[in-house]
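Here is a quick walk through one model, looking at side chains and who they sit beside. Have the structure open and follow along.

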Amino acid sequence: MVNKRLSQLMNAINNFLDRKILPWPVRFLTFRFVILLTIALLIPLIVWASNTVMVLAINSYLNTMSVAVSSIVLLYATISEAHQNQIAEMQEKRAQEDHIHVTEMHSLVLKSLQAQQAELEELKQLITLMSGKEYTPTETVPVPDLYDLHPRGDSRFQEEDFHKRWQKQIHHNPLVSTLRKNLSAKKVDNQR
């Protein structure tokens, strides 16, 4: 119970920071004139190298900007990676649903062809009997199981197939995995 409340509090704080606070430093730090001004500060740093107070002030500003920029880049790169993983999961899920749908449609077509073949056999039998000849039925080929025809067999159609393959193939990063868990939980909460 305490963990759930703490998690909800942290999510609320993160949402507040993401909506109200963090966009401002991002806008400031990505403003082209601020970037040019920051680069231009290297000139007074070199020219007035003997003025310790100015050098320390400019150096402090540059260090702060460096940490802020690298932190923001890391944050947005991590969020972007988590979103890309979500997109890949959704695309794979849709592809699997489409694959199942196409397979089922193909199965229906094959069953329809088999039914037509059976009707044709009955018609051949009737015509042969009406003409007074003896009928020998042709051998019918059973409809193949289309799920077994896939190179990976039935396992391709299982619900957990994607997650198993995903776990084997993707580079695991603890931070991104944590973010993905939080994003998945939010998605589930929003659907309720």
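## Glu121, tucked away

Glu121 counts as buried, with a relative accessibility of 11%. This is a predicted model, so take everything here as computed from predicted coordinates. Glu121 has its place in helix 5.

So what does the side chain of Glu121 make a polar contact with? The partner is the side chain of Thr138, at 2.5 Å. If you leave aside neighbours within four places in sequence, Glu121 is in contact with Tyr135, Pro137 and Thr138.

## Two salt bridges

Side chains of opposite charge can pair when their charged atoms come close. How many salt bridges does a search of the whole structure find? It turns up two.

One of them involves Glu121 again: it forms a salt bridge with Lys124, and the closest N and O atoms are 3.7 Å apart. Both Glu121 and Lys124 lie in helix 5, three residues apart, which is about one turn of the helix. Glu121 is buried at 11%, whereas Lys124 is partly exposed, with a relative accessible area of 44%.

The side chains of Arg94 and Asp98 also meet in a salt bridge, at 3.8 Å from N to O. These two both lie in helix 5 (residues 52–130), four residues apart, again about one turn of the helix. Arg94 is exposed, with a relative accessible area of 56%, while Asp98 is partly exposed at 38%. An α-helix has 3.6 residues a turn, so residues three or four places apart point the same way.

## Checking helix 5

Just after helix 5 comes Gly132, which takes a positive phi of about 85 degrees.

Is Thr38 buried or exposed? It is buried, because its relative accessible area is 15% and the cut-off for buried is under 20%.

Who is next to it? Leaving aside neighbours within four places in sequence, Thr38 is in contact with Tyr61, Leu62 and Met65. Take Tyr61: it is 23 residues from Thr38 along the chain, and their C-alpha atoms are separated by 8.7 Å. Thr38 also has a polar side-chain atom 2.7 Å from the backbone oxygen of Val34.

## Rings

A pair of aromatic rings is described by the distance of the centres and the angle of the planes. A search of the whole structure finds one aromatic pair. That pair is Phe31 and Phe33, with 5.5 Å from centre to centre and 65 degrees between the planes. The arrangement is edge-to-face, because planes over 60 degrees apart count that way. As for accessibility, Phe31 is partly exposed, with a relative accessible area of 45%, and Phe33 is exposed at 59%.

One more ring deserves a look. Arg27 lies over the face of Trp24, at 4.9 Å from the ring centre.

Technical notes
Residues numbered from 1 in each chain as written. Predicted model: local features only at pLDDT ≥ 70, side-chain atom pairs only at ≥ 80, totals over all residues. Heavy atoms only, no water. Phe/Tyr/Trp six-rings, centres within 6.5 Å; stacked < 30°, edge-to-face > 60°. Buried < 20%, exposed > 50% of the residue type's maximum accessible area, 1.4 Å probe, protein only. Lys NZ or Arg CZ within 6 Å of the ring centre and 35° of its normal. Contact = heavy atoms within 4.5 Å. Polar contact = N/O pair within 3.5 Å; in protein donor to acceptor, adjacent residues only side chain to side chain. Salt bridge = Lys/Arg side-chain N within 4 Å of Asp/Glu carboxyl O.
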